[in-house]
Amino acid sequence: MRIRDWNRSLQVRLFGEFFSNLSFWMVFPFLAIYFADEFGASMAGLLLVISQIFSVGANLIGGYCADRFGRRTMLFFSATAEGFAFILFAFANSPWYESPTLSFVAFTIAGMCGSFYHPASQAIVADVVPEKDRSTVFSVFYTSINISVVIGPIVGAVLFFNHRFLLLLVSGILFCLVGLALRFLTEETLPDELKQQLKESGGNGWVQVVLNQVKAYGLIVKDKVFFLFIIAGILLAQTYMQLDMLIPVYMKDAIDVQVLGNLFGREWTITGEGSFGILLSENGLLVVIFTVFVTRWMTKYPEHKVFFFSSLLYAIAMLIFPMTANFWVFLFAMAVFTLGELATVGLQESFVSKLAPEDMRGQYFAAASLRYTIGRTIAPLVLPLVTWIGFTWTFVILAVLALLSGFIYLLTFKEYYKRQAKNN
């Protein structure tokens, strides 16, 4: 399905979200450094946990709001509100006024707006795209995001630390413009029958919606295989979530100004912030280029070995980072890290679909997202851990957690194969 054949709402979303994602990735990767500098590593970690708890809460009712108020309404509200949050963030870092506390409030609001945005944006695809074409459409959006991941951190590494007010202000304006485009250039895609079903079900209260979703997560304790899969995912999340938490703080600490070499009669140097921007762009570029290739490669091997291999690669990357302060070694560590990410990118959701009974797929996929929501909520706690035991031992602990997740994945598939043999 070619982009020019897409519904106009999707086309506007694709191009609008590219610019909003670009703005986001020029700012977000450096917030751990910013908050650690302003509040100290321990307090920064706790603040990021608090911020994520608010985002998780917003995510719980985001789907309900998309069904209750409409896709277009939620996209417009979320994008413009996120824009105003970025403008507030800019004001808190302006030449006239500086407030790290207000910056944290603005960042938290922006995170909540993003959590409101995503359920509505995904629902639009289900509304207007035939099932056979949805994977193609999602892959295009995934590629667009990773292109912004390549470009954003490189630009942000310079602008965030040298021209923060201007960067945040322009980002806020871009989000507002995207919101206006979504409001006036798109159509509402919420089916009338879905609105009626929600009304008839009595699910008009957001409190009841949250309670129903929390109850639905109880299914994870009834399915042993699925429960082990979730636990392994939460443990492994503590490693790959550090791409936005521990790694940027460590690289700023490890690299002050490092000479990369001499070229064209000039000495080329890099700072810790700049090196992290390049590493994040390396991650995005490798994802864009090699996702399809690595996915096809991994399908040739048994799933349990692939999942263990992914965990092992994350563990190796975690052990490489604290061994050196050399930028070129960091590049290698990031390549190992990214290969671990790509190894299971095509297998995670596929395995969930195998576990889920046909009449409970929605609940299983919702519960499977706990790997990320719980993982991201816990991940910032490594920042206070650094102040207690140092960077090296923190990375070692993360490597151990990655290896532990690998062994739990092996146990998961052992139980899964037992179940399959019993059913057959």
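Student: How many residues apart in helix α1 (residues 8-27) are E17 and R13?

Tutor: This is a predicted model, in which local features need pLDDT of at least 70 and side-chain atom pairs pLDDT 80 or more, while totals for chains, interfaces and linings use all residues. Residues are numbered from 1 along each chain as its sequence is written, and side-chain values use heavy atoms, without hydrogens or water. E17 and R13 are four residues apart in α1, so about one helical turn separates them. Helices here are DSSP runs (H or I, at least four residues), numbered from the N terminus.

Student: What joins the side chains of E17 and R13?

Tutor: They meet in a salt bridge, at 2.6 Å from N to O. The term requires a side-chain nitrogen of Lys or Arg within 4 Å of a carboxyl oxygen of Asp or Glu. The structure holds four salt bridges.

Student: How are two packed helices described?

Tutor: One gives the angle between their axes and the distance between the axes. Here, the axes of α11 (residues 246-254) and α18 (residues 382-423) come within 12 Å and cross at roughly 95 degrees. Therefore α11 is roughly perpendicular to α18, a label for angles of 65 to 115 degrees. Axes are lines fitted to C-alpha atoms over the stretch in contact, with angles from 0 to 180 degrees between N-to-C directions.

Student: Which residues make the contact?

Tutor: Among them are L246, I247 and Y250 of α11 and V386, F391 and L398 of α18. Contact means heavy atoms within 4.5 Å.

Note on methods:
Helices (H or I, at least four residues) and strands (E, at least two) are DSSP runs, numbered from the N terminus. Angles under 35 degrees count as roughly parallel, over 145 as roughly antiparallel, 65 to 115 as roughly perpendicular and the rest as oblique.
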